[in-house]
Amino acid sequence: MSVEDNKRLVHRFFNAAWNGGDIDTLRSLVAPDSVDHSPMGTEQGVESFAHVVTSFREAFPDVKLTIEHEIAEDDRVVHRWRLDGTSRKPFMGIPPTGKPTVFEGTTVVRVRDGKIVERWASMDMLGLMTQLGTIPQPAGPSAAQ
Amino acid sequence: MSSAVTTREQAKAAVQRWFKDIWSRGDMQAVDEVLAPDLQFILSFNQVNGREGFKRLLEANREAFENLTYSADDEDIVAEEDVAAAFWTMHTDRHRGTWQNVPPSDKEASIHGMSIFKFRDGQIREIRVISDFYGLMTQIGGIKK
């Protein structure tokens with residue numbers, strides 16, 4: 001597998017799973033014992049990958065993923081992406097706003113033998129929760145990192 | 001003006017200096033060496049333009065968080081020519097000063113995040129950060145669960 005093959009694999013994952021809700025294709029692209037690291041913790045197994053997509057698509061049914069930046073080296077592919085979708089159903093127990101919502105994040109995936117075997121995700125949960133109205137707007141321009 | 005390509009190796013070395021020398025040690029000489037004068041430091045909720053402005057942000061953060069460290073394993077840095085991405089861990093022994101309007105909590109805190117770096121002539125000219133600020137805010141009591 002070349003770096004270009006690895007990029008194509010992740011593009012397929014994004015298009016099928018995030019933009020199409022095609023969980024069968026997702027399962028064919030992720031190794032059964034794949035490891036998934038996120039701010040919520042570390043999970044093992046392809047079902048963790050499926051669950052993230054299905055729960056998000058339930059809450060934001062028209063969700064569309066756009067790739068904003070891509071970097072790849074050896075067996076790793078990094079993406080900065082954004083999800084645009086309308087808040088229609090509860091998400092993590094938070095009632096829907098009915099409004100267009102933007103969720104930005106980054107993922108690193110490690111590929112082996114044509115399958116995703118590990119993923120590290122970092123997302124702007126603060127921005128999402130602010131848009132969903134659960135926390136006030138963050139502090140002004142004097143705010144630091 | 002020359003515009004020399006920043007190799008993968010140079011990019012990775014600069015990223016490690018960003019975490020080890022600049023953030024974890026507060027080394028202002030490293031800031032001048034590693035960062036371009038017109039650096040753009042882009043966070044989900046804030047943006048700092050210019051190396052001098054960044055120095056103030058760095059000092060404020062190192063003041064607010066005792067023994068602040070950022071670290072990334074070499075294998076968690078992915079690079080191409082002129083760009084790199086790093087999945088990192090931030091840790092502080094104690095939140096001891098006001099940060100983002102959150103008064104000192106005396107809490108220990110640790111989060112993960114991802115930064116994407118763009119280079120010009122061997123120096124970092126842009127850094128875009130997506131990290132678990134929501135988790136940090138929760139840990140220091142800025143957001144009630």
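Me: When does a residue count as buried, partly exposed or exposed, and which of these is B:Arg25?
Reply: Buried means under 20% relative accessible area, exposed means over 50%, and partly exposed lies in between. In this predicted model, B:Arg25 has a relative accessibility of 53%. B:Arg25 therefore counts as exposed.

Me: Which helices of chain B does the salt bridge between B:Arg17 and B:Glu33 link?
Reply: The closest N and O atoms of B:Arg17 and B:Glu33 are 2.9 Å apart. B:Arg17 is partly exposed at 29%, and B:Glu33 is partly exposed at 37%. The two residues are 16 residues apart in the chain, and they sit in helix H1 (residues 8-23) and helix H2 (residues 28-34).

Me: Which residues are linked with B:Arg17 in a network of salt bridges?
Reply: B:Glu33 forms a salt bridge with B:Arg17, and B:Asp21 forms one with B:Arg25. These residues belong to one network, which also takes in B:Asp27. The residues linked with B:Arg17 are B:Asp21, B:Arg25, B:Asp27 and B:Glu33.

Me: How many residues apart are A:Arg119 and A:Asp36?
Reply: Their side chains meet in a salt bridge of 2.9 Å, N to O. The pair links distant parts of chain A, with A:Arg119 in strand S6 and A:Asp36 in strand S1.

Methods
Residues numbered from 1 in each chain as written. Chains lettered and ligands numbered in written order. Predicted model: local features only at pLDDT ≥ 70, side-chain atom pairs only at ≥ 80, totals over all residues. Heavy atoms only, no water. Salt bridge = Lys/Arg side-chain N within 4 Å of Asp/Glu carboxyl O. Helix = DSSP H or I, 4+ residues; strand = E, 2+ residues; numbered from the N terminus. Buried < 20%, exposed > 50% of the residue type's maximum accessible area, 1.4 Å probe, protein only.
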